[in-house]
Amino acid sequence: MQRLTEQILDHAGGLPEGSPIAAKSLLHLGNRAAVDQALSRLAERGQLIRAGRGLYLRPVSSRHGIRSPSVQKAVEALASQRGEVIVSSGAAAANTLGLTTQVPVRLVYLTSGRSRTMCFGKQTIELRHAPRWQLALANRPAGAVVRALAWLGPEKADAALVALKRKIPPSTFNELVAVAPQLPTWLARSVGKAAHG
């Protein structure tokens, strides 16, 4: 068993920071039960972090000690590994765009995959399944605008769009106008009003 844990650690050591380690990706080292047991032992010893069901991360060693990997890097690696779209929530997008001064207390990301939580040491992040239209422009600036407007809701969308039209580059606004047919009626109407009114 010792040899399998060493092989898993060697494999994990070769991955970039935040890369998720799943039992399925280690089946070339041993059978599923042995791999699961070895991963569990490594997590108990603190050599891996159990981020979620069947999902592990390698802690990062720095001159200040051992820490969890960057949440952003882990989320990006998870999206790429699982073929999902994972983006910041509407509340975070609204804050970044200056539409609200509220700073989200919990880290929430929207995903095309199933809803679930991940743990990074003492920090828990929530991956929340979102409708396709909220993920349409993924990590593009216009995508952040769509998510921010969805979070603000129909009552505040018109005023927010007027403010954003002055702030964001014309290319980003044009992207938003181009994606309007995919948006819910209330949001498409607000975008049309900002573009032509």
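**View 1. The largest cavity has a volume of about 50 Å³.** The model is predicted: local features need pLDDT of at least 70, side-chain atom pairs count only at pLDDT 80 or more, and totals for chains, interfaces and linings use all residues. Residues are numbered from 1 along each chain as its sequence is written, and side-chain values use heavy atoms, with hydrogens and water left out. A cavity is a set of points, on a 1 Å grid over the protein atoms alone, where a 1.4 Å probe fits but cannot get out. Grid points are joined across faces, edges and corners, and the volume is the space filled by probe spheres set on the points. The count comes to one cavity of 30 Å³ or more. Its lining consists of Ala12, Leu15, Pro16, Glu17, Gly18, Ser19, Ile21, Arg58 and Val60; lining residues have an atom within 4 Å of a point. Five of these are nonpolar, two polar and two charged (Ala, Val, Leu, Ile, Met, Phe, Trp, Tyr, Cys and Pro count as nonpolar, Asp, Glu, Lys and Arg as charged, the others, Gly among them, as polar).

**View 2. The largest nonpolar core has 26 residues.** Such a core is a set of buried Ala, Val, Leu, Ile, Met, Phe, Trp, Tyr and Cys residues joined through side-chain atoms within 4.5 Å. Buried means under 20% relative accessible area, exposed over 50%, partly exposed in between (1.4 Å probe, protein chains only). Val145, Val146, Leu149, Leu161, Leu176 and Leu183 touch the most other members. Helices α4 (90-96), α6 (141-152), α7 (154-167), α8 (170-179) and α9 (185-196) each supply at least two residues of this core. Helices are DSSP runs (H or I, at least four residues), numbered from the N terminus. The largest share, eight residues, comes from α6. Another core, of 15 residues, lies apart from this one and includes Ala51, Leu78, Met118 and Leu127.

**View 3. Val146 sits in helix α6.** Val146 counts as buried because its relative accessibility is 3%. Leaving aside neighbours within four places in sequence, Val146 is in contact (heavy atoms within 4.5 Å) with Trp133, Gln134, Leu176, Val179, Leu183 and Leu187. Val146 and Leu187 are 41 residues apart in sequence and 8.6 Å apart in space, C-alpha to C-alpha.

**View 4. Helix α8 has buried residues Thr172, Phe173, Glu175, Leu176 and Val179.** They cover an arc of only 155° around the axis, so they lie on the same side of α8. The arc is that of the directions from the helix axis to the C-beta atoms. On the other side of α8, Pro170 and Ala178 are exposed. The buried residues of α8 pack against α6, α7 and α9.

Note on methods. On a 1 Å grid over the protein atoms alone, a cavity is a set of points where a 1.4 Å probe fits but cannot get out, and a pocket is an open set with protein on both sides within 12 Å along at least five of seven lines; lining residues have an atom within 4 Å of a point.
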